[in-house]
Amino acid sequence: GDCPQWVAQPDVARRARALGEHFEQAFGRPPVGVWAAPGRANLMGEYTDFSGGTCLPFAHQYVTLTAAAPRTDGLLRARSLQDADESVADERLREVRVADVAPGSVGGWFGYAAGVAWGMDRVATGRSAHPVAVPELALAPGFGADLMVDSTVPIGAGLASSAALECSVALALFSLSTGNDDPDEAPRRALARACMDAENYIVGANTGGLDQTASLRSHAGETLALDCRDFDVASLPAEPAAAGLTWLAVDTRAPHRLADGQYSSRRAECEAAAAVLGVGRLRDALPEHPSEDDAAAALARFDAVLADGAPLDGDPEGVRLRLRHSLTEMVRSVRIADELATPDADWSLVGRLLVAGHESMRLDCQVSVPELDAAVAACVDAGALGAKVVGGGFGGSVLALAPVHAVDSLARSVCSTFAERGFRDPLFLTLQPSPAGRRIL
Ligand code: ADP
Ligand code: MG
């Protein structure tokens, strides 16, 4: 039948020109520019960014585009071309005064866009968790903008369409406000924080900064080693293409089940575990360069403290599983980062660690669903070196490391497994480590 279906490579230049025309129809004037920001994949470090873990994301080539022009009446107006998507059903032009954006004031998808203006103001004035105030991000009184959005990132597929939206808006607003089209590392860090604040406080999704950092600070052909204690990044240059391998994403299109509040409850359980261990965040329960023995020792400390009668905020079994996921995930991240920093990276080792990561997401973090498990198993059976769920789980995508020559047979094999199990047909994407967000028109 129709499976496998491949998501086409995005024709970003054409989409940007078309978006300019849509903008002109909607707003009666051309945009002054178009900005693009990518979604991301992540090799390891799921559910650990908020614990200060190391994440290993790369930006992929699917981007969200924002066409924009400034206003001087303090209004932010926006429309998205994804209004046909049922998760985003909203053809209306959305509008808010920049000064009125606050938690609870903007609902739906517009929260991701308008929230960025609010986040920029917080970072500018030093009210966010960013280590310093960054006055460059301040939006002058009366600053406003018209925005038109178009995403080539699959929405809600675990490939970070939400961050791509926030970050493309952030680059557009920053450029309109400062005239700077090519922000360097310091403002990019600050803008990533503004986007995190938008997602955390305006949208109300308690995510930890992995997606926004990847979208704004990645480099073509590289994976980031992102230390979420301080958001320092190092580039890992090893590329699977050099070894005849490619990154394959399987968008399971599994309906999100029971996902409401699950992300936040996982985060709360990790914080409860940190409290038992007497650390501010779980990363601090491990040494600078942690090993599997260090993870086991921290878990044993947790058990001992609880056996001594220490109070625990939550279900002890759940908290212990989340702790075990966090600790082992942090160790797997460091092991992969070490491997990708060596000239002759052992990709089969990386693949085995991906599978171990998926097992931890399934059994300890408990965020997998049958479609994800089936996709991982089918990929590995059909010759992938490894595969794992990417992002928050409860549906979304699997990331597989596959020999280029095996990609088609691998996709067919996933299709037949899904058909046998009665799952919806999945979608397939090949992902290339790509540059961070930038102005494109
Ligand atoms: P993911 O980031 O993995 O794609 P999320 O659930 O975090 O999944 O974000 C998806 C949400 O982001 C959508 O429901 C919608 O609110 C918003 N969104 C993303 N892209 C767009 C877009 N192009 N237009 C409107 N809303 C979007
Ligand atoms: Mg998201």
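**A friendly note on helix packing, the ligand shell and the recorded domains**

1. Let us start with one pair of helices: Glu292, Ala295, Ala298, Leu299, Phe302 and Leu306 in α7 meet Pro316, Arg320, Leu323, Arg324, Leu327, Thr328 and Val331 in α8. Two residues are in contact here if their C-beta atoms, placed from the backbone, lie within 7 Å. Sorted by class, the residues of this contact are nine nonpolar, one polar and three charged. Ala, Val, Leu, Ile, Met, Phe, Trp, Tyr, Cys and Pro count as nonpolar, Asp, Glu, Lys and Arg as charged, and the others, Gly among them, as polar.

2. Before going on, please keep in mind that this is a predicted model, where local features need pLDDT of at least 70 and side-chain atom pairs count only at pLDDT 80 or more, while totals for chains, interfaces and linings use all residues. Residues are numbered from 1 along each chain as its sequence is written, and chains are lettered from A and ligands numbered from 1 in the order in which they are written.

3. How do α7 and α8 cross? The axes of α7 (residues 292-307) and α8 (residues 316-341) come within 9 Å and cross at roughly 160 degrees, which makes α7 roughly antiparallel to α8. Helices (H or I, at least four residues) and strands (E, at least two) are DSSP runs, numbered from the N terminus. Axes are lines fitted to C-alpha atoms, for helices over the stretch in contact, and angles run from 0 to 180 degrees between N-to-C directions. Angles under 35 degrees count as roughly parallel, over 145 as roughly antiparallel, 65 to 115 as roughly perpendicular and the rest as oblique.

4. Helix α8 also packs with α6 (residues 262-277), at an angle of about 90 degrees and with the axes 8 Å apart. That is why α6 is described as roughly perpendicular to α8. Arg266, Glu269, Cys270, Ala272 and Ala273 of α6 make this contact with Gly318, Val319, Arg322, Leu323 and Ser326 of α8. The classes here are five nonpolar, two polar and three charged residues.

5. Now for α2 (residues 110-124) and α4 (residues 185-203), whose axes come within 7 Å and cross at roughly 120 degrees. The two helices are therefore oblique to each other. Residues making the contact include Gly111, Tyr112 and Trp118 of α2 and Arg193, Cys195 and Ile202 of α4. By class, this contact has twelve nonpolar, three polar and four charged residues.

6. Which residues come nearest to ligand 1? Of the 19 residues around ligand 1, these are Ser80, Trp109, Ser151, Ser161 and Ser162. A residue is near a molecule or strand if its C-beta atom, placed from the backbone, lies within 6 Å of it. Both β7 (144-151) and α3 (161-178) supply at least two residues of the shell, and α3 gives the most, with three. The shell has nine nonpolar, ten polar and no charged residues.

7. Finally, the UniProt record, an unreviewed entry, places "domain: GHMP kinase N-terminal" at residues 143-217. UniProt positions are given in the numbering used here, feature names are shortened, and annotations may be inferred rather than shown by experiment. Over residues 143-217 the chain is 60% helix and 11% strand. For "domain: Galactokinase N-terminal", UniProt lists residues 21-70, a span that is 14% helix and 52% strand.
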